[in-house]
Amino acid sequence: MTTTSTLPTRRCLVGILTFLLVAAAGCTDKPKEAVGPAFFDDEAAALAAFQADPSPTNRANLARIRALHGYRLLEQGQHNRDPAAITGALRYAHRAKELVPDNAMYHFLLAQAYGENGDSPAGLALAASAARRALELAPADNRIRLYLGQLLFRQKYFASALANFEIAITSDLSLAQPPLISMMTVAYVMDVLALRGEKFMLALLAAQPDNHAARLSLAVLLHHQGGAKDPLAYAELRKVQIAPTASQQDRDYAAKLTTLWPQEVPIGNAQAQGVRP
């Protein structure tokens, strides 16, 4: 499957959200230290204003500024692999969320900061909890839904991850890009949900006949089920190989699977080869 994608990466999401928060807060100050002083200048001013007059406007302004610095520290931590910056992002996310607990983006910031703390079960659980709360507050936001799906995938809750991926793609077909389709294919196979995946990819291909990532996924899922569905899998590979809109990479991959599959040693009634990480 090709690797070109319009699906936002975590870093891209941080950049987008930082831009939005800058516009909302009207803030241009930059941190003076790598992880930030006790208070940034704009935060200190907003805090003083809030302490003098704890109005909803001043509360919201202080929360926006704290979230803005949280996203800056998160991006810094991702770019520099800086655990201290991630810790700072967590601190700012909590502060913003405590001030305005019904703002989805503050919970989303918290989820992303926790998500940067490796694959420890506790960290991923905290990240998923924050992402779920963000999604409750903004159920139509596919950025949050996809991130929650990725967290669940990392936790090996494949069926739950797939539910979020499927909802997101169904609501916005432009999200059906190769990296996400590949992740879904792995999840379908790992959770013994190949038939469910087959049905979803068939529906997706009905809407997007030239989505060759989806067609390759369908071929893998059909082959994984084996038996009478195996010839159908080869037929899907052939469609990719002769499709004028398919990339050379997709054609080559289809040809490779066509060559490799007959050499497999069957595992029961299932075949495992063909799922690309």
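Q: Which residues have the most contacts inside the largest nonpolar core?
A: Ile144, Ile169, Ile181, Met184 and Met201, in a core of 80 residues. Such a core is a set of buried (under 20% relative accessible area, 1.4 Å probe, protein chains only) Ala, Val, Leu, Ile, Met, Phe, Trp, Tyr and Cys residues joined through side-chain atoms within 4.5 Å. Bear in mind this is a predicted model: local features need pLDDT of at least 70, side-chain atom pairs need 80 or more, and totals for chains, interfaces and linings use all residues. Numbering runs from 1 along each chain as its sequence is written, and side-chain values use heavy atoms, leaving out hydrogens and water.

Q: And which helix gives the most to this core?
A: Helix α5, residues 104–115, with nine residues. Helices here are DSSP runs (H or I, at least four residues), numbered from the N terminus.

Q: What does Ile144 touch, leaving aside neighbours within four places in sequence?
A: Its contacts (heavy atoms within 4.5 Å) include Ala104, Met105 and Phe108, plus Ala131 and Leu135.

Q: Switching topic: how many aromatic pairs are there?
A: Three. Rings of Phe, Tyr and Trp (its six-membered ring) pair if their centres lie within 6.5 Å; planes under 30 degrees apart are stacked, over 60 edge-to-face, the rest tilted. In one of them, the Tyr234 and Trp261 planes are at 90° with ring centres 5.5 Å apart, so that pair is edge-to-face.

Q: Where do those two sit in the chain?
A: Tyr234 is in helix α12 (230–242) and Trp261 in the segment after α13 (248–260), 27 residues apart.

Q: Is Trp261 buried or exposed?
A: Buried, at 3% relative accessibility.

Notes. Buried < 20%, exposed > 50% of the residue type's maximum accessible area, 1.4 Å probe, protein only.
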